[in-house]
Amino acid sequence: DAKTTQPNSMESNEEEPVHLPCNHSTISGTDYIHWYRQLPSQGPEYVIHGLTSNVNNRMASLAIAEDRKSSTLILHRATLRDAAVYYCILRDSYDTGRRALTFGSGTRLQVQP
Amino acid sequence: DAGVTQSPTHLIKTRGQQVTLRCSPISGHKSVSWYQQVLGQGPQFIFQYYEKEERGRGNFPDRFSARQFPNYSSELNVNALLLGDSALYLCASSYSTASTDTQYFGPGTRLTVL
C-alpha cells in the first residue's frame with residue numbers, strides 16, 4: 001500500500017484557517033486521497049476525498065498538488081469542535097482484494113480559544 | 001436516521017476468555033468492517049464483510065473471527081484473550097466495498113483484558 005506522512009501535531013487558534021499537510025510520494029494513478037478525523041472518545045468520521053482536482057464540501061476543502069505527491073486539508077475557520085486527530089488515507093480505486101482503510105498515526109490538531 | 005450501533009459499550013474480560021462484539025450497520029448498508037484501535041494509535045483493519053461473505057482480512061491471528069448475518073449486522077469473536085487484545089473495537093458500515101464509498105463508524109466497544 002502507498003503510504004502517507006503527516007506531522008504528529010499542529011496547533012491553531014479558533015476562527016483561523018488551518019492547513020493540514022499530507023505527503024504521499026508513492027501514490028499511484030488510481031489512488032483516491034481520503035481524509036477522516038477522530039474526535040475524542042468517538043469513532044472516525046469522513047471529512048472529504050478527491051482524486052486529482054481540488055474538492056470542497058461543507059466541512060473542509062482538499063487541495064491536491066499537481067503531481068499528486070502531496071495534499072492539504074483546509075479548515076477555513078477552526079472551531080474548538082475541530083480539535084481531533086486527522087488521518088490522510090489512500091484508497092485504490094481498483095479491486096486489490098484489500099478494501100479497508102489503512103490508518104497511519106494522523107495529525108493531532110489542537111485548537112486554542 | 002440511526003447511525004452505526006455497537007454493543008456492548010464497555011467490556012472487561014480476563015485472559016483466556018472469549019468475547020463477542022456486535023455491530024448493526026446503517027440501514028441499507030451491506031458492508032461491515034471491523035477495526036482495532038490500541039491506545040495512542042490509528043485503527044487497524046481486522047475484517048471486511050459484504051453480503052455475508054468475507055471480502056478482506058487484516059494481519060490478525062486466527063483467534064479473531066467474524067460473521068455477517070442476513071440483516072447485514074455483524075459479530076466479531078475473539079478467542080483465548082490476551083492482555084494485548086485490550087483496545088477499542090470499531091465497526092464501520094458502507095453501502096458497498098467501492099473505494100469511494102464513505103465508511104461510517106460506530107462509537108466502538110472498549111475491551112479491557114485483565
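Which loop of chain A holds A:S41? A:S41 sits in the loop between β3 (31–38) and β4 of chain A. The structure is a predicted model. In the contact of its two chains, 22 residues come from chain B and 19 residues from chain A, and the area buried between them is about 1,600 Å².

**Interface of chain B and chain A**

- Carbon and sulfur atoms give 50% of the area of about 1,600 Å² that is buried between chain B and chain A.
- Three residues, B:S99, B:T100 and B:F105, account for 30% of the area that chain B buries against chain A, more than any other three residues.
- Between chain B and chain A the count of salt bridges is zero.
- Four residue pairs are in polar contact across the interface, with both residues of each pair at pLDDT 80 or more.
- On the side of chain B that touches chain A, β4 (31–37), β5 (44–50) and β6 (53–57) of chain B each contribute at least two residues.
- By class, the residues on this side of chain B are seven nonpolar, 12 polar and three charged.

**Open sheet in chain A**

- Chain A has an open sheet of five strands, with the order β1-β9-β8-β3-β4 and mixed pairing.
- The edges are taken by β1 (9–13) and β4 (45–50) of chain A; each has a single partner strand, so one side of each has no neighbour in the sheet.
- On average, neighbouring strands of this sheet are turned by 25 degrees against each other, direction ignored.
- Within chain A, strand β8 (residues 84–92) and strand β9 (residues 107–112) run antiparallel and are joined by three bridges.
- A:A84 is placed opposite A:L109, a residue of β9(A).

**Backbone features**

- Most peptide bonds are trans, and most residues other than glycine have a negative phi.
- A:S41 is not a glycine, yet its phi is positive, at about 65 degrees.
- The loop that holds A:S41 leads between β3 (31–38) and β4 of chain A, and β4 (45–50) is one of the edge strands of the sheet described above.
- In chain B, the peptide bond from B:S7 to B:P8 is cis, and its omega is near -10 degrees.
- B:P8 belongs to the loop between β1 (5–7) and β2 (10–13) of chain B.

Methods: Residues numbered from 1 in each chain as written. Chains lettered and ligands numbered in written order. Predicted model: local features only at pLDDT ≥ 70, side-chain atom pairs only at ≥ 80, totals over all residues. Heavy atoms only, no water. Contact = heavy atoms within 4.5 Å. Buried area = accessible area lost by both parts, 1.4 Å probe. Salt bridge = Lys/Arg side-chain N within 4 Å of Asp/Glu carboxyl O. Polar contact = N/O pair within 3.5 Å; in protein donor to acceptor, adjacent residues only side chain to side chain. Helix = DSSP H or I, 4+ residues; strand = E, 2+ residues; numbered from the N terminus. Nonpolar A, V, L, I, M, F, W, Y, C, P; charged D, E, K, R; others polar. Pairing = 2+ DSSP bridges. Axes fitted to C-alpha atoms, helices over the stretch in contact; angles between N-to-C directions.
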